[in-house]
Amino acid sequence: MISTKDFIKLVEDNIKEYDDFSKNVEVIQVWYSKNIQNHKGMFIVRDKDDNLIYDYYIEATYNGDARELYLDFYSKIFKH
């Protein structure tokens, strides 16, 4: 079973590997939930060099039965 701390580290490592991001980014947890062995969270990414937040919301789901991480990237297209 994966801990909450390990889930967040796994998500951060996988997000940082995404080609659209610079290498100097901070992954910020916005929301998190755990249900038995499954984890789910919403994350945003901030570029530390210019202090800008990328126009992505990233939903991370960890399936504890299959031991698989899924990342879904959503673009923010409207801000009110």
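A polar contact is a pair of N or O atoms within 3.5 Å, where within protein one atom must be able to donate a hydrogen and the other to accept it. The legends below use the term in this sense and describe a predicted model.

View 1. Asp 47 lies in strand β2, which covers residues 38–47. Its side chain forms a polar contact of 3.5 Å with the side chain of Tyr 54. Leaving aside residues up to four places away in sequence, Asp 47 is in contact with Ser 22, Asn 24, Val 25, Leu 52 and Tyr 54.

**View 2. Asp 47 and the nearest opposite charge.** Asp 47 is buried but takes part in no salt bridge. Arg 46 provides the nearest side chain of opposite charge, at a distance of 7.0 Å. A salt bridge would require a side-chain nitrogen of Lys or Arg within 4 Å of a carboxyl oxygen of Asp or Glu.

**View 3. Pairing of β2 with β4.** The strands β2 and β4 are antiparallel and are joined by five bridges. Gly 41 is positioned opposite Ala 60 of β4. Strand β4 spans residues 56–63, and because six of its eight residues are buried, the strand is largely enclosed by the rest of the structure.

**View 4. The β4–β5 hairpin.** Eight bridges pair β4 with strand β5 (residues 68–75) in the antiparallel sense. Within this pairing, Ile 58 faces Phe 73 of β5. Four residues separate β4 from β5 in the hairpin. Arg 67, in the turn, has a positive phi of about 55°.

Technical notes. Residues are numbered from 1 along each chain as its sequence is written. This is a predicted model: local features need pLDDT of at least 70, side-chain atom pairs count only at pLDDT 80 or more; totals for chains, interfaces and linings use all residues. Side-chain values use heavy atoms; hydrogens and water are left out. Helices (H or I, at least four residues) and strands (E, at least two) are DSSP runs, numbered from the N terminus. Buried means under 20% relative accessible area, exposed over 50%, partly exposed in between (1.4 Å probe, protein chains only). Lys and Arg count as positive and Asp and Glu as negative; His and the chain ends are not counted. Contact means heavy atoms within 4.5 Å. Two strands pair if DSSP finds at least two bridges between them.
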